[in-house]
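Please look over the sequence and the three-dimensional picture shown below before reading on.

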Amino acid sequence: MKEIVVISGKGGTGKTSIAASFSYLGGKDLVVADCDVDAADMHLLMQPDFNKTEDFYSGVLAKINPDKCTNCGACAKVCRFDAIPVINDQYIVEPLNCEGCGYCPRVCPVDAITMEDQNVGKWYISTTKVGSSMVHARLGIGAENSGKLVAQVKNEAKRIAKEDGKDIVLVDGSPGIGCPVVSSLSGSDFVVLVTEPTVSGLHDLKRVYQLVKKFNIRAGCIINKSDLNLKVSSEIENFLKEEKIMHISNLPYDETFTKAMINGQTIIEYNDSNLIPILIESWDKIKKIILNN
Amino acid sequence: MKLAFTTKGTSWDSMMDPRFGRTEYILVYDDAKDELSHYDNRAIKNQAHGAGPQTAQKLFDLQPDILITGNGPGGNAASVLEKVGMKIYIGAGEMSVKEAFDAYKKGTLKEQEL
């Protein structure tokens with residue numbers, strides 16, 4: 001079983017639209033994992049049924065038991081995050097400010113403070129509109145994506161792929177180069193870098209590729225909206241050559257890209273999009289590389 | 001010589017864990033004593049952030065000469081491991097521990113430069 005991760009470095013390059021097109025093309029042959037949990041959008045295109053739901057716990061939050069609390073204020077004094085204000089004559093932990101560091105329960109003279117596991121969202125196992133299994137998650141307000149959540153979503157997708165005898169897990173990765181992205185890349189076999197010909201597109205591509213290189217994962221690149229800035233496009237192509245990154249394809253700017261999204265469709269489903277043959281060819285290329293090895 | 005493996009179980013037949021930071025176990029084989037021991041890493045696996053550096057810290061305590069793993073450590077973990085001075089071999093993510101050890105002995109695993 002092989003794992004393909006789609007990442008972009010920069011947001012707004014079309015990563016999820018392209019990943020959703022591949023998961024449509026792959027159909028029942030693959031398991032999909034949406035690890036872009038901060039802004040999970042893949043479900044809008046793949047319409048999963050949210051069949052199985054589980055709570056996700058990450059990190060801890062301080063909680064003051066008002067029956068035990070003597071309002072001495074020792075906790076508020078040591079809190080580095082100003083997370084313990086007095087409300088109605090009672091010290092209360094403000095959950096959005098608490099970082100879960102655990103300092104306050106150490107100084108509380110009457111043991112009124114406990115650190116409690118934080119329910120930060122839910123994760124799901126679904127069947128998509130094309131009949132494939134999809135693992136995805138939704139975070140609560142103020143909660144952040146983490147390496148732990150990404151690892152959990154990916155491990156679950158891998159487990160299903162193994163059980164059902166599927167050859168490919170397709171991961172929609174998260175943007176940036178931080179902890180969730182490191183976790184998306186860890187244990188994967190091929191990376192699809194989706195970029196666009198803008199100064200920040202190229203800059204973020206270079207940044208995220210540093211990470212991919214560290215993990216020794218083979219990579220290919222799709223330049224989306226490639227004809228909008230031919231100068232930067234050719235700079236990107238030069239970078240790909242220098243780094244020996246496979247240049248999978250160029251997708252010219254095409255309004256059907258956005259129109260399909262507005263309809264809640266993948267590009268492949270949108271009638272007469274000029275991008276369809278390019279995406280089919282790109283997916284075939286990627287499949288060939290990873291299944292032949 | 002001590003060899004460390006990132007694994008999903010505690011025996012030679014267990015599968016390797018391709019992940020470094022969130023590996024379930026670290027298996028250590030001491031070939032002088034022919035002794036296999038394990039460290040349960042699942043508490044670190046459940047940390048929201050910073051799993052890589054913490055696993056690297058654990059390896060610093062265990063002081064193996066060789067680490068055999070999947071993709072290898074990320075940037076933060078690598079800067080800790082540099083201090084340990086061990087050699088890192090990668091590409092064993094989909095093997096059993098036994099297969100990974102054999103592949104290492106045959107010299108077919110790639111060495112990771114930190």
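## Terms and numbering

Helices (DSSP runs of H or I with at least four residues) and strands (DSSP runs of E with at least two) are numbered from the N terminus. Two residues are in contact if their C-beta atoms, placed from the backbone, lie within 7 Å. Axes are lines fitted to C-alpha atoms, for helices over the stretch in contact, and angles between N-to-C directions run from 0 to 180 degrees.

This is a predicted model, in which local features need pLDDT of at least 70 and side-chain atom pairs count only at pLDDT 80 or more, while totals for chains, interfaces and linings use all residues. Residues are numbered from 1 along each chain as its sequence is written, and chains are lettered from A and ligands numbered from 1 in the order in which they are written.

## Chain A as a whole

Chain A contains 10 helices and 11 strands, and its C-alpha atoms fill a box of roughly 70 × 40 × 35 Å along the principal axes. Of the 293 residues in chain A, 48% are buried, where buried is defined as 20 or more other C-beta atoms within 10 Å of a residue's own, exposed as 12 or fewer, and partly exposed as anything in between, with C-beta atoms placed from the backbone. Among the contacts in chain A with a separation of 6 or more, 75% link residues 24 or more positions apart.

An automatic or database domain assignment supplies the domain bounds, and chain A is divided into domain 1 (2-47 + 128-291) and domain 2 (58-119). Taken over C-alpha atoms, the centres of domain 1 of chain A and domain 2 of chain A are separated by 41 Å.

## The sheet of chain A

Chain A has an open sheet of 9 strands with mixed pairing, in the order β3-β6-β7-β2-β8-β1-β9-β10-β11; two strands pair if DSSP finds at least two bridges between them. Because β3 and β11 of chain A stand at the edges with a single partner strand each, one side of each is left without a neighbour in the sheet. From one strand to the next, the twist averages 20°.

Strands β1 (residues 2-7) and β8 (residues 168-172) of chain A run parallel and are joined by 5 bridges, with K2(A) standing opposite I168(A) in β8(A). Helix α5(A) lies across β2 (30-34), β3, β6 (113-127), β7 (133-139) and β8 of chain A, and runs at about 165° to β7(A).

Strand β9 (residues 190-195) of chain A runs parallel to β10(A) and is joined to β10(A) by 6 bridges; in β10(A), I222(A) is the bridge partner of V194(A). Together with helix α7 (residues 199-214) of chain A, β9(A) and β10(A) make a right-handed β-α-β unit, where right-handed describes a crossover whose path from the first strand over the helix to the second runs clockwise when the strands point away from the viewer. The crossover from β10(A) through α8(A) to β11(A) is right-handed.

How many residues of strand β10 of chain A are buried? In this strand (residues 218-224), 6 of the 7 residues are buried, so β10(A) is largely enclosed by the rest of the structure.

## Two loop residues with positive phi

Most residues other than glycine have a negative phi. K244(A), which is not a glycine, has a positive phi of about 55°, and its place is in the loop between α8 (230-242) and β11 (246-251) of chain A. K244(A) has 8 C-beta neighbours inside 10 Å and therefore counts as exposed.

In chain B, Q63(B) has a positive phi near 50° and lies in the loop between α2 (51-62) and β4 of chain B. Q63(B) is exposed, with 12 other C-beta atoms within 10 Å.

Chain B has an open sheet of 6 strands with mixed pairing, ordered β3-β2-β1-β4-β5-β6. Since β3 (35-40) and β6 (110-112) of chain B are at the edges, each with a single partner strand, one side of each is left without a neighbour in the sheet.

Between the chains, 14 residues of chain A are in contact with 17 residues of chain B. On the side of chain A that touches chain B, α5(A) gives the most, with 3 residues.
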